[in-house]
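Open the model in your viewer and keep the selection tool ready. This tour goes stop by stop.

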Amino acid sequence: MADAQDIIDRLMNDERFQRVARFSNKVYADEPILTTGRQMKTYLPDRYREMRAISRWQPGREGGQGRWLSEAELFYRQGMFMADFEDDCPYHGTFKSYYPTYNAMSDRQLRGYFTWRAAVRRGTIEETSLSFAYVYLYELICGIGVEGAADGFGRLSSFWRAYREFSPEIDRFARVWLQDYVVYHGLDPKLVADQKGMRFDRAVAALIEVQTEALGRAGSDAARAPRRSAKQGTLLPPDPKLEGRLAHAVDTLSTYRILDGKFGREHPEAACHVVTAVWVQLHRYYDKHRKAGIIESMFGESAELPYTMFASAVFFDPVRHPDTEVALNPLCHFRCKDGLWTCDRLHGSRSRSAKLGEVLRTIDRSLRNASAYPHPLKDEKIPRYLEQIVEREVAAWLAWSEAHAPRHIDIDLSKLSGIRAVAAETREALLIDEEREDTPINHDDALVPNYAPAGSTRADQPAKETAPGSSNARPVPPAPASNAAARPDPAAAFEAQVVGGLYADAPQPASEPTEPQLAPDGAHPLTPAQQAYLAALCAGDTAAAARALDAANTTEDLFVDAINEALFDLIGDTAIEFGTAGPEPVEDYLPDIEELLHHA
């Protein structure tokens with residue numbers, strides 16, 4: 001025995017043998033190198049032996065020709081055999097394998113996997129080797145250990161959401177498998193409606209829908225005024241409801257968010273109109289000068305191509321899927337014919353468009369320059385055709401806005417007394433002698449004409465007193481009190497009707513903006529992960545930025561949006577833009593950003 005141990009030690013210490021496959025990291029110190037038959041019988045339960053006895057070679061029936069099982073079918077048969085099995089032998093080693101299956105595991109790893117799986121089914125999900133997690137996902141996809149499609153989706157979704165806290169990289173495959181599971185089993189598409197790809201497709205579909213409406217409106221305008229000059233602009237007079245829908249659809253799909261910027265928030269009507277007008281003009285330009293339309297150029301072309309269900313997974317179904325058609329959203333359709341799947345969808349980058357971001361940034365910069373906005377944007381090189389379209393639509397909008405701006409009229413109230421005096425003289429000239437004798441001139445009430453008959457008194461004046469014996473004395477009925485109360489004051493009536501009417505819709509002067517400050521308690525607007533990410537972008541350290549993004553456990557688009565939202569009250573504009581090389585801080589605001597990070 002001593003000689004055998006000496007040979008083992010010499011082999012283990014020899015570098016040549018350590019580099020061969022027999023001494024790879026799949027062999028661990030906690031596994032015995034030499035075991036007796038009795039030890040093997042107690043080390044591996046019989047259930048595992050029976051599972052491994054399932055042969056890949058399947059002989060034909062009644063002497064017919066046999067066949068070899070694929071790795072996926074062998075996994076399915078072994079999984080169904082072990083569907084309800086549980087073990088109690090934890091494994092603390094590491095298991096790594098591409099397309100991991102039961103056959104890729106050692107006996108010790110097999111026992112560890114089924115021990116870990118038993119805990120998962122009881123609701124205790126603990127971090128383990130990522131290959132173990134993928135094997136469990138394969139089981140759920142194949143229907144191993146589930147009761148129907150709805151139960152399978154629920155287990156698949158809950159495990160993915162829990163385990164991504166340990167390994168976020170599982171999102172790359174699990175999200176696609178969830179979508180495929182819904183399509184394959186005909187479940188409700190709303191189950192995956194919140195996924196990034198589904199949200200993107202819905203945003204493009206909404207853009208196409210409102211774009212069609214805007215093009216119809218532009219075509220109607222052109223038909224009514226065929227000689228209309230291009231300098232007069234597009235879609236004028238504006239349609240705020242239509243333009244708001246299209247501008248928000250475009251803004252959602254762009255790396256540059258013009259409506260979230262400082263100018264867009266302060267002047268949403270201008271931003272929405274120019275974005276809509278420029279989009280309509282670009283649509284016409286692409287149709288005339290490019291092979292692909294603007295939607296295809298920005299987001300990819302729609303095509304029906306062969307599709308593999310549960311790609312990158314070990315999947316097998318003993319029954320061929322029936323013919324079917326499934327629509328996940330207006331732009332994504334799946335079709336199964338004779339067991340073969342196809343998918344009709346947009347084939348391109350399913351993320352915000354940097355090309356569209358360039359368009360919106362050009363619009364924002366041109367609007368700021370044309371309106372002498374105090375926060376201009378730095379000039380960048382853009383195609384000449386885009387610059388001409390944007391400048392033409394911006395100039396047309398500003399000219400139309402100026403021509404249709406509310407007129408401001410000043411009323412000199414100090415001259416009202418002169419108007420009253422002239423009115424009194426005019427009334428006096430129109431009175432007959434009897435009226436002039438009975439009605440004294442009241443210059444303060446000159447605007448109210450007096451049509452009282454001879455001998456009567458005005459309702460708002462006391463009756464003329466006469467002597468009891470006078471021949472001119474005649475009874476005068478007292479005026480009703482209601483008439484006196486209902487008669488308006490002439491000056492008040494004039495001011496209410498003339499002055500009030502002119503200024504009823506006049507805009508009130510806005511209060512001066514105040515410079516935003518940090519919270520009084522010293523709380524920083526950014527989280528530590530956001531500060532680290534922003535500092536790395538300012539320093540040009542992409543590796544540090546990637547580490548900060550991984551620590552935040554979110555997508556880069558959402559992370560950048562959160563930082564821009566947090567800094568908007570301090571800077572008043574978008575702090576980070578998506579350039580050709582990825583996110584980068586706006587150069588004009590670098591001093592403010594660095595000062596903010598300095599006080600962190």
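Where is the place of Y99? Select Y99: its place is in the loop between α5 (71–81) and α6 (107–121). Check the backbone there. Phi of Y99 is near 45°, a positive value in a residue other than glycine. Most residues other than glycine have a negative phi. Keep in mind that this is a predicted model.

**The whole chain**

Zoom out. The protein chain has 24 helices and 8 strands. Colour by burial, and buried residues make up 38% of the 600 residues.

**The end of α5**

Select F81, which is found in helix α5. Leaving aside neighbours within four places in sequence, F81 is in contact with R47, E50, M51 and I54. Draw a distance from F81 to M51. These two are 30 residues apart along the chain, and their C-alpha atoms are separated by 6.8 Å.

**A cis peptide bond**

Jump to the loop between α10 (196–224) and α11 (240–252), where P237 lies. What kind of peptide bond joins L236 and P237? The bond is cis, and omega is about 0°. Most peptide bonds are trans.

**Two crossing helices**

Show α13 (268–289) and α15 (354–370). Their axes come within 11 Å and cross at roughly 130°. The pair is therefore oblique. The crossing of α13 and α15 is right-handed. To see the contact, select these side chains:

- On α13: A270, A271, V274, V275, V278, W279, L282 and Y286.
- On α15: K355, L356, V359, L360, I363 and L367.

Stay on α15 and select D364, whose place is in this helix. Not counting residues up to four places away in sequence, D364 touches Y256, I258, F263 and L377.

**The helix that packs on both**

Test its length first. Then select the buried residues of α16: Y385, L386, I389, V390, E393, V394, A396 and W397. Look down the axis of α16. The buried residues fall within an arc of 160°, so they line one face of the helix. Which helices does that buried set pack against? The partners are α13 and α15. On the other side of α16, find R384 and E402, which are exposed.

Select R335 in strand β5, residues 332–337. R335 has 30% relative accessibility, so it counts as partly exposed. Show what it touches. Not counting residues up to four places away in sequence, the list for R335 is E304, T324, E325, L340, W341 and T342. Draw a distance from R335 to E325. They are 10 residues apart in sequence and 4.4 Å apart in space, C-alpha to C-alpha.

Move along to D338. Where is D338 found? D338 sits in the loop between β5 and β6 (340–347). Phi of D338 is near 55°, a positive value in a residue other than glycine. With 46% relative accessibility, D338 counts as partly exposed.

**Last stop: α22**

Select α22, residues 542–552. Which residues of α22 are buried? They are A544, A545, A548 and L549. These four cover an arc of only 140° around the axis, which puts them on the same side of α22. Show the neighbours as well. The buried residues of α22 pack against α21 (528–539) and α23 (556–571).

Key:
Residues are numbered from 1 along each chain as its sequence is written. This is a predicted model: local features need pLDDT of at least 70, side-chain atom pairs count only at pLDDT 80 or more; totals for chains, interfaces and linings use all residues. Side-chain values use heavy atoms; hydrogens and water are left out. Buried means under 20% relative accessible area, exposed over 50%, partly exposed in between (1.4 Å probe, protein chains only). The arc is that of the directions from the helix axis to the C-beta atoms. Contact means heavy atoms within 4.5 Å. Axes are lines fitted to C-alpha atoms, for helices over the stretch in contact, and angles run from 0 to 180 degrees between N-to-C directions. Angles under 35 degrees count as roughly parallel, over 145 as roughly antiparallel, 65 to 115 as roughly perpendicular and the rest as oblique. A crossing is left-handed if the near helix is turned anticlockwise from the far one by less than a right angle, and right-handed if clockwise.
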